[in-house]
Amino acid sequence: MKRNIRSLELDKILSLLAEETACEDAAELARTLEPSSSLKEVKRLLADTFEAHGMMARFGSPSFSGLRNVTASLRRAEAGGLLTMGELLRVAGVLRTLRGIVEWRARSEGVKTVLDWRFDALMPNKYLEDRINTSIISEEEMASEASPELASIRRKIRNASARAREQLDKMIRSPMYQKYLQDPIVTMRGGRFVVPVKAECRGDVPGLVHDTSSSGATVFVEPMAVVEANNEIRVLLSKEQAEIERILAELSAEAGGFASGIVSSYEAAVQLNLIFAKANLGYKMKATVPEVNDEGKIELKRARHPLIAKEKVVPTDIQLGLDFDTLVITGPNTGGKTVSIKTIGLMTLMAMCGLLLPVADGSRVSVFGKVLSDIGDEQSIEQSLSTFSAHMTNIIRILSETDSSSLVLLDELGAGTDPVEGAALATAILEALRRRGARIASTTHYAELKAYALQTEGVENGCCEFDVATLKPTYRLLIGVPGRSNAFAISLRLGMEEAIVERARELVSSENTRFEDIVQSLEESRQRLESERAQAEEQKLAARRANEEAAHKLEQLEEQAEKEMEQARQRASELISRTRAQVDSMLNEVEELRKKQNKLLTAEQKAKLKSGMKRLEEEADPIRRRRQEEGEYILPRPLRAGDTVLIYDINKKASVLEVPPDGKGPVLVQAGIIRMRVPQENLRLSEPEKEKKDPRARSRNVTKQLSSAGRGAMEIDLRGQMVEEGILNVDRFLDSASMAGVHQVTIIHGKGTGRLRAAVQAHLRHHPMVKSFRLGAYGEGEAGVTVVELK
C-alpha cells in the first residue's frame with residue numbers, strides 16, 4: 001500500500017497536513033495516516049472534518065499551541081519521581097492549552113456537533129495550572145510565593161548579604177585598605193563575598209584567599225570580618241535549595257495524582273488538532289465534502305490536483321464506474337493523461353483518509369479495499385530490470401492482488417516493447433482485470449486499445465484535449481472521445497519537411513489511417529459542437545441578464561409608481577383633513593350664530609358661509625362619486641335612539657337622538673356638541689363595540705367643542721387628558737379657530753395639580769398663532785381656564 005501511496009503522491013498531501021498541526025504528536029499522526037476501506041469509518045472521518053470546517057467558519061479556529069507530550073514526565077511523577085521546574089512548566093502549558101480549547105468550545109455552546117464527545121473528553125485542571133505557574137517563574141527560578149518558608153529564607157539571605165556588603169563597602173572606602181586593593185569593588189567567588197587585593201599586599205589584609213587572577217597580580221580575599229556573614233549565607237542557601245526540592249516534590253506528587261486525566265485529555269486534544277488541521281487544509285484548497293459510496297462510482301466535478309499550483313491547475317471532470325468500469329485515456333505526451341489518473345487515485349485516497357477534496361459540490365467518490373497503481377518509470381538498475389520488465393513485474397503483482405473492491409490505475413500500459421505485442425498484451429491485461437471486477441483507469445498510445453474501447457461494452461475512451469494550432473495541451477479530460485497522437489501535425493508545425501511527413505503517412509496502414517481520420521472527424525465535430533454550445537451558453541446568459549435587467553427596471557417603475565400613488569394619497573388626505581377642519585369650523589360658527597339668535601347675518605358672515613358651502617359642494621363631489629361606485633347602502637335595521645352612526649359625506653361619527661315616528665325622513669343626530677338633522681341615506685350604522693375600539697373616534701370627540709351661548713368664543717375642554725394628548729388637541733383647536741376667523745378662544749384645563757395648565761401655557765408662549773393669553777377672570781373659570789387671543 002505504501003508503494004501506491006507514494007506513486008499517487010498521497011505522502012505529499014499528508015506532509016502538507018502535518019504542517020497544519022500544532023504539536024509533534026499530531027504531525028506524526030498526520031504523516032502516518034492510512035486510508036480506511038470501511039465506508040462507515042470514512043463517512044465518520046469526513047463528518048468530523050466537515051464539522052470542524054463549519055465551526056471554523058462560524059467561530060474561528062481553536063488554538064492548540066502549547067500542546068507537548070508530557071506523558072513520560074507524568075508517569076514518572078505518578079511513580080513517585082521528582083520533576084524538574086521545566087517539566088512542571090510544560091505540564092502547566094498543556095493544561096493552559098486544554099483550558100483554552102474548552103473555553104473556545106464554550107463560546108459556541110448551543111450548537112450540537114459530532115465532535116462534542118471529543119471536547120467532553122478534555123479535562124482542564126485550573127488548580128494545578130495556577131499552582132505550578134505561581135510557584136515557578138522559569139526553568140531555573142522558583143518563585144518566593146511558592147511557600148512561606150522559602151520567602152522567609154530568601155528574606156534572611158538578603159539581610160545577611162546586605163550586612164556582609166555593608167562591612168565590605170566600609171573596607172573598600174577606608175583609606176587604610178584602599179592602598180592594598182587592586183580595585184575598590186566587592187565581588188563573589190564560590191558563593192562568598194570577597195575583595196580583589198594586590199598579590200604583594202596579601203599579608204596586609206587578613207582573611208581567606210578564594211581565587212587568583214589569571215595573571216597572578218590579584219588575589220580574591222574574604223576578609224575575616226565577613227567570614228561569619230558568608231557562612232550564614234551559605235547555610236541559608238542550603239536551606240533554600242532544600243525547600244525548593246521539597247516544593248518540587250510536592251508539585252510532582254500533585255501532578256502525578258492527576259496524571260491519567262491529563263494524559264487522556266492530551267490524547268483527545270491531539271486528535272482534535274488533527275481534525276482541525278484537516279479542516280484548515282480544506283480551507284486552503286477551497287475543498288468540499290464529497291458523497292461517499294462503496295459501489296465503485298466516481299464522479300469528480302471540476303477536480304483540481306492539489307499539488308499543482310493554483311494559477312496553473314486546470315479543473316477537469318472525471319467519471320468512472322457509472323456507465324463504464326474501464327476508462328482508456330489516450331492522447332499526446334505532456335497532455336495531462338497521467339495527471340488525470342493520478343487525480344482519480346489521489347482524490348480517492350484523500351477521501352478515505354477523511355480529507356476534504358478540491359472539487360465542486362455534488363462530486364462523489366467510492367471507498368475501495370485496495371488502490372493499486374503502476375505509474376511512472378519503474379526501471380531498476382540494481383535488479384537489472386528494463387522499463388518494460390519493471391512495469392510487467394508491477395502489473396503481475398497488481399493482478400495477484402486485484403479483486404472486485406479494487407481500483408487499478410495503469411500508466412502507459414504495454415509500453416516499452418514491440419507495439420503489436422505491447423498492444424495485444426495491454427488488451428489482455430485489461431480483460432483480466434475486468435474479469436476480477438475492478439475499476440480501471442489506464443493511459444496508452446495504442447490505437448488498438450482505442451478500438452477495443454469503442455467495441456467493448458463497459459469500456460470507454462477518454463482523451464486529454466490538445467490544441468494543434470498552438471502545440472499546447474488544454475489539460476481537459478474528454479470522456480467518450482478517443483485521443484490522437486498528433487505526431488504528424490506536431491512535426492509539420494515544428495518545421496519537419498512535408499515530404500517526410502507525407503511519406504510517413506503512406507507507411508501507416510490504411511486501417512490505422514481510416515481510424516485516425518474518423519477520430520479527427522469526431523474531434524472536429526466535438527470542437528464545433530463545443531463552440532456552438534459555448535455561443536449558445538453566452539446567448540442564454542445574455543438573455544438571462546436582459547430579463548433580469550428588464551425585471552429590475554419594471555420593479556423600479558412599480559416602486560416609483562407606488563411612491564407617487566402614496567404621495568398622491570397623502571396630499572389628498574391632507575386636503576380632506578384641512579377641508580374637514582374648515583367645515584367643522586364653519587359648522588361651529590353657524591351653531592354659535594344660531595345660539596346667539598342672531599337672525600340678521602353680517603355681509604362678512606354671509607360671504608364665509610357661501611364660501612364654506614361651495615367648499616362643501618366641492619368636497620361632496622368625490623364623495624358622491626364614491627357613493628355611486630360603491631352602490632346604494634341599505635341600513636341593516638331601523639335606526640334607534642342611542643345608535644352610533646357615521647355621517648357619510650363628512651366622514652364624522654354621531655349619536656342618534658331622535659328618529660321620525662314612521663321611520664322615514666331626516667334623523668336628529670349629535671356630532672360632538674352639534675345637533676343636526678341628516679337624511680337616513682347619508683348615515684351608516686356603526687356598532688358601539690367597534691367605536692369603543694377606535695381610538696381616533698375618541699380623539700375627534702374631545703378636540704373641538706363650542707362654548708355656551710353667553711361666552712361668544714370657542715373653547716376646548718382638556719380635563720382628564722394627558723399632557724401630550726392635551727398639547728396635540730390644543731394645536732388642532734387653534735388651527736380650526738384660526739381658519740374660522742375666531743380671534744379669542746378659551747382652553748379649559750382645570751385646576752388640579754397645575755401640571756396641565758403649566759404645559760399648555762408653556763406651549764402657548766411659542767405658538768405662532770397666539771398673540772397673548774391670560775388666566776380666566778372671576779366668572780370665566782379663574783385658574784381653571786386660559787383665555788387666548790389669536791393673531
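Guide: A polar contact is a pair of N or O atoms within 3.5 Å; within protein, one must be able to donate a hydrogen and the other to accept it. Keep in mind that this is a predicted model.

Visitor: At what distance does the side chain of S36 reach the backbone nitrogen of S38?
Guide: S36 sits in the loop between α3 (24–31) and α4 (39–59). A polar contact needs its N or O atoms within 3.5 Å. The side chain of S36 reaches the backbone nitrogen of S38 at 3.3 Å.

Visitor: Is S36 buried or exposed?
Guide: Buried means under 20% relative accessible area. S36 has 15% relative accessibility, so S36 counts as buried.

Visitor: Which side chain does the side chain of T326 contact?
Guide: T326 belongs to strand β8 (residues 326–330). Its relative accessibility is 0%, so T326 counts as buried. The polar contact, at 2.8 Å, joins the side chain of T326 to the side chain of D325.

Visitor: How many salt bridges does a search of the whole structure find?
Guide: Side chains of opposite charge can pair when their charged atoms come close. The cut-off here is a side-chain nitrogen of Lys or Arg within 4 Å of a carboxyl oxygen of Asp or Glu. Over the whole structure, the number of salt bridges found is 30.

Visitor: What separates E78 and R75 along helix α5?
Guide: The side chains of E78 and R75 form a salt bridge, 2.9 Å from N to O. E78 is partly exposed at 42% relative accessible area, and R75 is partly exposed at 36%. The two are three residues apart in helix α5 (residues 71–78), so their separation is about one helical turn.

Visitor: How far apart are the closest N and O atoms of R154 and E240?
Guide: R154 is in helix α9 and E240 in helix α11. Both residues are buried. They form a salt bridge, with the closest N and O atoms separated by 2.7 Å.

Visitor: Which residue meets D717 in a salt bridge?
Guide: The N to O distance is 2.8 Å.

Visitor: What is the relative accessible area of K239?
Guide: Partly exposed covers the range between buried, under 20%, and exposed, over 50%. K239 is partly exposed, because its relative accessible area is 46%.

Visitor: What is the phi of E9?
Guide: Most residues other than glycine have a negative phi. E9 is not a glycine, yet its phi is positive. E9 is in the loop between α1 (2–7) and α2 (10–19), and it counts as buried at 15% relative accessibility. The phi of E9 is about 70°.

Visitor: What value is the phi of R302 near?
Guide: R302 is placed in strand β6 (residues 298–303). R302 is a residue other than glycine with a positive phi. That phi is near 50°.

Visitor: What distance separates the C-alpha atoms of K450 and E460?
Guide: K450 is part of helix α16 (residues 447–455). K450 counts as buried, because its relative accessibility is 3%. K450 and E460 are ten residues apart along the chain, and their C-alpha atoms are separated by 8.7 Å.

Visitor: What distance separates the C-alpha atoms of I185 and I172?
Guide: I185 is in the loop between α10 (175–178) and β1 (187–189). Its 43% relative accessibility makes I185 partly exposed. I185 and I172 are 13 residues apart along the chain, with their C-alpha atoms separated by 6.9 Å.

Terms used: Residues are numbered from 1 along each chain as its sequence is written. This is a predicted model: local features need pLDDT of at least 70, side-chain atom pairs count only at pLDDT 80 or more; totals for chains, interfaces and linings use all residues. Side-chain values use heavy atoms; hydrogens and water are left out. Buried means under 20% relative accessible area, exposed over 50%, partly exposed in between (1.4 Å probe, protein chains only). Helices (H or I, at least four residues) and strands (E, at least two) are DSSP runs, numbered from the N terminus.
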